[in-house]
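Q: Please take a close look at one part of this chain and place it in its surroundings. Give the cut-offs for each term as it comes up.

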Amino acid sequence: MSEWDKTIHVNEFKNDNQIVTKVNNVEVLLIKSKDEYFAVTSKCPHLGMGLKGGKVDATEKAITCPWHDSQFCLKTGEAKRWVTMAGIKKYLLFFIPKKTPLNAITFDVKIEDDHLWLKTQ
């Protein structure tokens, strides 16, 4: 995505503050937290599991992976907390350690004409 791409209307956040959409063949998780909007690739860089449903910390501007508890900054994608073993407590019966933290990919977001527009960083 080299230009700004139009995505969803802001009213689509009425019932859900996390919406997965596709932009230029990239699956993106759109997040509304208080009055801010964020966009991050929808898959966790650790195991490729979905980030949708992860706890969003509005103060820290971060999302915690619902599968293994690693946490990522919603503005930069930086791994704020990295868990090297996928939590067995989270339905997984195996683990794949990745010792080096991987950052999530985030996108610039703007609102224009009541729609979210995305651009890569």
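A: Of the contacts (heavy atoms within 4.5 Å) in the protein chain with a separation of 6 or more, 41% are between residues 24 or more positions apart. The model is predicted, so local features need pLDDT of at least 70 and side-chain atom pairs pLDDT 80 or more, while totals for chains, interfaces and linings use all residues. Residues are numbered from 1 along each chain as its sequence is written, and side-chain values use heavy atoms, with hydrogens and water left out.

The chain has 10 strands and zero helices; these are DSSP runs numbered from the N terminus, of E with at least two residues for strands and of H or I with at least four for helices. Buried residues make up 40% of its 121 residues, where buried means under 20% relative accessible area, exposed over 50% and partly exposed in between (1.4 Å probe, protein chains only).

The part to look at is the loop between β4 (36-41) and β5 (55-57), where Lys 52 lies. Lys 52 is partly exposed, at a relative accessible area of 40%. Beyond its neighbours within four places in sequence, Lys 52 is in contact with Asp 16, Gln 18, Val 20, Leu 29, Ser 42 and Pro 66. Gln 18 is 34 residues away from Lys 52 in sequence, with 6.4 Å between the C-alpha atoms. The Lys 52 side chain reaches the backbone oxygen of Gln 18 at 3.2 Å, a polar contact; the term covers N or O pairs within 3.5 Å, one able to donate a hydrogen and the other to accept it within protein, with residues adjacent in sequence counted only if both atoms are side-chain atoms.

Lys 43 is in this loop too, and its partner Glu 27 is in strand β3, 16 residues apart. The two form a salt bridge with closest N and O atoms 3.6 Å apart; the cut-off is a side-chain nitrogen of Lys or Arg within 4 Å of a carboxyl oxygen of Asp or Glu. Both ends are partly exposed, Lys 43 at 41% and Glu 27 at 35%.

Leu 29, one of the contacts of Lys 52, belongs to the largest nonpolar core, of 13 residues, and is among those that touch the most other members, as is Leu 51. A nonpolar core is a set of buried Ala, Val, Leu, Ile, Met, Phe, Trp, Tyr and Cys residues joined through side-chain atoms within 4.5 Å. β3 (26-33) and β4 each supply at least two residues of this core.
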